[in-house]
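Open the model in your viewer and keep the selection tool at hand. This tour goes from the whole chain to single residues.

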Amino acid sequence: MASEQYFKGKKVVIVTKHGKEMVIGPALEEFFGMEYIVSENIDTDLLGTFTGEVERVLSPVEAARQKCILALEEYDVDFAIGSEGSFGPHPTLYFLPADEEFIVLMNRKKDFEIAVKMASLQTNYASYDMDSESTLNSFLEQVKFPSHGLHVKGPKDYLAKGIRSQNRLNQALQEAVDQFGTYTIETDMRAMNNPTRMSVIQELTGKLVEKMKSCCPSCQRPGFSPSDVIRGLVCSCCSLPTKSVKSVIYSCEGCHYTTCIDFPESKTTEDPMFCDFCNP
Ligand SMILES: [Zn+2]
Ligand SMILES: [Zn+2]
């Protein structure tokens with residue numbers, strides 16, 4: 001397997017302050033025999049925090065890339081892994097909260113990179129105001145407290161972060177009420193305090209491994225993956241083109257070899273249910 005030459009025995013630094021190496025590291029060890037270390041010197045909070053002390057100006061994938069670049073300056077390793085998550089409405093299912101995760105693997109020379117992303121509806125991302133209509137207990141259950149952490153906020157600043165016990169939560173809420181007469185609770189989205197997010201990162205690591213294993217048939221460079229799609233799979237009833245995918249285009253970022261795979265899901269026609277003509 002060509003990806004072995006690329007990765008076997010190579011050293012990789014995983015940039016994280018939030019324990020993400022626990023799910024990323026073992027996969028790289030197991031599938032590629034890579035040796036991993038965790039960055040301890042890089043303050044990833046400088047690139048932006050979820051709690052807004054530092055606003056993230058870079059896009060998530062750029063932030064992940066920047067973490068790799070900083071780590072490669074600091075550590076004598078072959079590869080770096082940076083990752084970033086972002087929370088908010090799902091990119092296509094707008095009204096549902098989603099966790100969008102990005103992982104970037106970059107080589108020492110910075111001329112090779114594999115990036116993967118994924119949007120998951122598996123998230124406890126939510127907040128609660130003192131005057132919310134639902135009860136505090138139902139919110140706590142919904143966000144899986146105390147297995148998942150919480151932050152407590154006054155009108156402006158955070159009073160306590162990463163709360164994982166009922167006692168600490170009660171104290172923080174009391175403090176907020178005493179000081180400001182109100183409070184807001186937010187879910188802690190840092191991976192070490194959020195097992196749901198950690199499992200999404202683990203799933204995305206699986207995608208990263210698959211992409212690292214997939215090599216260009218022409219130059220053997222790993223990371224050979226779909227770069228574009230052609231839509232227009234025809235309707236099985238009226239034979240008009242639909243918006244469904246007909247072909248997937250794979251291309252190599254190294255040698256620019258390109259290939260087109262027709263009917264990627266072994267489906268040569270589309271169900272009339274998805275046809276704008278049969279089912280407008
Ligand atoms: Zn190639
Ligand atoms: Zn049709």
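Helices here are DSSP runs of H or I with at least four residues, strands are runs of E with at least two, and both are numbered from the N terminus. This is a predicted model, in which local features need pLDDT of at least 70 and side-chain atom pairs count only at pLDDT 80 or more, while totals for chains, interfaces and linings use all residues. Residues are numbered from 1 along each chain as its sequence is written, and chains are lettered from A and ligands numbered from 1 in the order in which they are written.

**Whole protein**

Show the C-alpha atoms. They fill a box of roughly 65 × 60 × 30 Å along the principal axes. Of the 280 residues, 31% count as buried. A residue is buried if 20 or more other C-beta atoms lie within 10 Å of its own, exposed if 12 or fewer, and partly exposed in between, with C-beta atoms placed from the backbone. Two residues are in contact if their C-beta atoms, placed from the backbone, lie within 7 Å. Of the contacts with a separation of 6 or more, 59% are between residues 24 or more positions apart.

**Domains**

Color by domain. Domain 1 takes 2-123 + 194-213, domain 2 takes 127-187, and domain 3 takes 227-274. These bounds come from an automatic or database domain assignment. Over C-alpha atoms, the centres of domain 1 and domain 3 are 30 Å apart.

**H2 against H6**

Select residues 21-32 (helix H2) and 195-213 (helix H6). The two pack at an angle of about 25°, with axes 9 Å apart. H2 is therefore roughly parallel to H6. Axes are lines fitted to C-alpha atoms, for helices over the stretch in contact, and angles run from 0 to 180 degrees between N-to-C directions. Angles under 35 degrees count as roughly parallel, over 145 as roughly antiparallel, 65 to 115 as roughly perpendicular and the rest as oblique.

Look along the crossing of H2 and H6: it is right-handed.

Now show the side chains. From H2 come Val23, Ile24, Ala27, Phe31 and Phe32; they meet Met198, Ile201, Gln202, Thr205, Val209 and Met212 of H6. This contact has nine nonpolar residues, two polar and no charged. Ala, Val, Leu, Ile, Met, Phe, Trp, Tyr, Cys and Pro count as nonpolar, Asp, Glu, Lys and Arg as charged, and the others, Gly among them, as polar.

**Lys20**

Go to Lys20, in the loop between strand S1 (11-14) and H2. Is Lys20 buried or exposed? Lys20 counts as buried, because 26 C-beta neighbours lie inside 10 Å. Leaving aside neighbours within four places in sequence, Lys20 is in contact with Ile14, Ser83, Ala191 and Ile201.

Select Ile81, in strand S3. With 28 C-beta neighbours inside 10 Å, Ile81 is buried. Beyond four places in sequence, Ile81 touches Val12, Ile14, Val15, Ile24, Cys68, Ile103 and Leu105.

Next, Leu96, in the loop between strand S3 (79-89) and strand S4 (97-107). Leu96 has 10 C-beta neighbours inside 10 Å, so Leu96 counts as exposed. Apart from neighbours within four places in sequence, Leu96 is in contact with His90 and Leu121.

**Ile163**

Move to Ile163, in strand S8 (residues 158-163). Ile163 is buried, with 23 other C-beta atoms within 10 Å. Outside four places in sequence, the contacts of Ile163 are Gly149, Leu150, Val152, Arg168, Leu169 and Ala172.

**Backbone stops**

Most residues other than glycine have a negative phi, and most peptide bonds are trans. Which bond is cis? The peptide bond joining Phe145 and Pro146 is cis, with omega about 5°. Pro146 is in the loop between helix H4 (136-142) and strand S7 (150-153).

Gln220 has a positive phi, near 70°. Find Gln220 in the loop between H6 and strand S10 (225-231). Gln220 is partly exposed, with 16 other C-beta atoms within 10 Å.

End at Ser266, in the segment after strand S12 (258-262). Phi of Ser266 is also positive, near 50°. Ser266 counts as exposed, with 6 C-beta neighbours inside 10 Å.

Notes. A crossing is left-handed if the near helix is turned anticlockwise from the far one by less than a right angle, and right-handed if clockwise.
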